[in-house]
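These are my notebook entries on a structure I looked up. The sequence and the model come first, and my notes follow.

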Amino acid sequence: MKYRLSGLAAGLVVLFLLPYLLGPYSMHVADVTVIFALLAIGLGLALGIAGQINLAQVAFFGIGAYTVAILTTDRGWGFWASAVIAVLATVLFGLVVGLPALRVQSHYLGIVTLGLALAFTSWVTNASISKGAEGIAGIPAPPFPGLDLYDQYLYYYLEIVVFLACLAFALFVVGTRLGRRMKAMRDDSIAAGCLGANVPFLRLLAFGIASVYGGVAGVLYAGLIHYVSPESFGISTMFLLLAMVIIGGRQSIWGCVIGAVVLSLVREWLVDAANYAQLGYGIVVVLAVVFAPTGLAGVPRRFARKSTDTGRATLRPLALNRVATDDALAQPGASIGIDAVKKNFRGLQALDDVSLSVQAGSIRGIVGPNGSGKTTLLNVLSGLYTPSSGGFTMDDEPLGGSRPAKLSHRGIARTFQNLRLFPELTVQQNVMVALDRSRSRATLSYLLAPWNVFGDERRLRRRSQEILAEFGIAEYAAERPGALPYGIQRRVELARAIAGSPRLLLLDEPAAGLNGQEVGELASIVTAIRDTGVTVILVEHNMGLVMSLCDQVTVMAGGKVIADGPPAQVVTEPEVIEAYLGDVSQVEDLVPPADPANPADPADSADPVDHEGLKA
Ligand code: ADP
Ligand code: MG
């Protein structure tokens, strides 16, 4: 911390003194470099942090610059008023460019945004308002009391103030809940949605923020150069920008800044060989992607990565501490009614009229052969699939067809059959994503009440440490999930699911891949969770686990419910034996021996509730 502060102070002093060391030409290079650094930060936020392939950053830059150019020259507006309109226009364009991100991702998104960037360049080259290929000259410098900003030495200080503010805001976003949600979305948008992240909103926001940085950079550029023309905002500038962000390290804001500075200098050295320089950037980008996928900023971490064999974590007896962070979640344990849900995939009936009700605070097992629709049912309950017909209720409130984020905020949490941890987040950050129950509108506090965000951050950090300790995985807090043994990863996913204080927990084959001891630990975790009052739906192949944990068991086959009732009764039903178990001789093994320490509650077997509304 002390070193950081002194580093920061030293950096500021260097930034402040720089103009005293530079001749006029170098000063100009420094002025342009600051503008590129701003652009790179914006691109880094969209591309590296939020995972949105945005190849239109250069068009954002152009719209900012051109708007100022047109308004200050043609219309005779003042510089600052034009600057405000320019940034607003850029954000509007940014949101339009972001719209396709709601439908397509990855390289498709890259192609769409590149297309929009090219459309922008061809428009400014041809339109009369932008004076075509000739460009617009005579843009004034911004007026400032007491300072002549035509002087590029003084202009540098204006840039630095804007740059530091924008850098600080970017670091603020990346280091707190919004950035964490964006990274979670980048790593796994499905899991992020199921943990309460409003994915479409975050994608648009990523484009919105990137466009603010692009627009501000464009305004500064117009005020510095006093001239704009189409080639400054063309595809080669876009690739230079991309190279800055990828070489520096797109997942780190500092990396983006370093990349921008390094490549701006390289560009100056190679200014007489611009074509070779283009080729050079291309080669360096490819090398960076292959050998340093996290860019220059990631290199120290690669060397620092310790290869500790952490052995096995032992699970202490769990005393889960339920902390309701949201009024809606104050009451643990929701009752669930699933009503005639059908789901078909192009003719395949994955769910065929599934109805069942689950009592608040109970553990419901769902078993059935592979392909019988168990995961599909959980996907419907967590909002990943919209049922073709039918729906479900939680405490009698109809929720079928709601989006995953909404269901998460209503208190539905889940784990996945094939783990979906966020690979680039640490274990603690994985849990913090789930702990963060803030709604999309709370993003406004980033502008209106940033101190609240810091307060939330402290609370999330403290609570995540408690949860990691409760689950016996505190020692892995700083590790990335991929480095951990499989059983630990499963436990991290459970901790993450519980972190949001859900009222309904959906577990999809949580015992898959676990050894005997780990299955035992899983059983005690699930029991502890149920003891806090949470309703649990457990999809599982491990019949021993199902028999010992579940109050009621539903058997599915071919998308239909074929039996439903207390475990011991269900396994004796002839349809179940035929459809699922196949071989009657196995049934003996499935019924667990009576556990004298944990006698079955007689109320369980006589419970009529679960049979209501069932077809058969
Ligand atoms: P289970 O979890 O019981 O093994 P699933 O719910 O995963 O079964 O799958 C039920 C059936 O639905 C399977 O035949 C599967 O191939 C099909 N299915 C599931 N999801 C999809 C999808 N997104 N598109 C097409 N078919 C699907
Ligand atoms: Mg499944």
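I count two strands as paired if DSSP finds at least two bridges between them. Helices (H or I, at least four residues) and strands (E, at least two) are DSSP runs, numbered from the N terminus. I worked from a predicted model, in which local features need pLDDT of at least 70, side-chain atom pairs count only at pLDDT 80 or more, and totals for chains, interfaces and linings use all residues. Residues are numbered from 1 along each chain as its sequence is written, chains are lettered from A and ligands numbered from 1 in the order in which they are written, and side-chain values use heavy atoms, with hydrogens and water left out.

Entry: the six-stranded sheet.
I traced an open sheet of six strands with mixed pairing, in the order β8-β9-β10-β5-β11-β12. Its edge strands, β8 (412-414) and β12 (560-565), each pair on one side only. From one strand to the next, I noted an average twist of 20°. I also looked up helix α19 (residues 486-499), which lies across β8 and β9 (504-508) and runs at about 160° to β9. Axes here are lines fitted to C-alpha atoms, for helices over the stretch in contact (heavy atoms within 4.5 Å); angles run from 0 to 180 degrees between N-to-C directions.

Entry: strand β5.
I then followed β5 (residues 363-367), which runs parallel to β11 (residues 552-557) and is joined to that strand by four bridges. With β10 (residues 535-539), β5 likewise pairs in the parallel sense over four bridges. Which residue of β11 stands opposite V367? I found V555 there. I366 stands opposite T554 in β11, and its bridge partner in β10 is V539.

Why is β5 described as largely enclosed by the rest of the structure? Five of the five residues of β5 are buried, so the strand is largely enclosed; buried means under 20% relative accessible area, exposed over 50%, and partly exposed in between (1.4 Å probe, protein chains only). I363, G365 and V367 point one way from β5, while R364 and I366 point the other way. In a regular strand the side chains alternate between the two faces of the sheet.

Entry: the four-stranded sheet.
I found a further open sheet, antiparallel, in the order β4-β3-β6-β7. β4 (348-358) and β7 (397-398) are its edge strands. Seven bridges pair β3 (residues 336-345) with β4 in the antiparallel sense, and N344 stands opposite Q349 in β4.

Entry: nonpolar cores.
I took a nonpolar core as a set of buried Ala, Val, Leu, Ile, Met, Phe, Trp, Tyr and Cys residues joined through side-chain atoms within 4.5 Å. The largest has 152 residues, of which I41, L45, V228, F233 and L505 touch the most other members. Helix α2 (residues 24-49) gives the most to this core, with 16 residues. Apart from it lies another core, of 23 residues, including L351 and I366.

Entry: ligand 1.
I looked up polar contacts as pairs of N or O atoms within 3.5 Å. An oxygen atom of ligand 1 lies 2.8 Å from a polar backbone atom of G371, and an oxygen atom of the ligand is 3.0 Å from a backbone N or O atom of G373. In T376, a side-chain N or O atom is 2.5 Å from an oxygen atom of ligand 1.

Definitions and conventions: A polar contact is a pair of N or O atoms within 3.5 Å; within protein, one must be able to donate a hydrogen and the other to accept it, and residues adjacent in sequence count only if both atoms are side-chain atoms.
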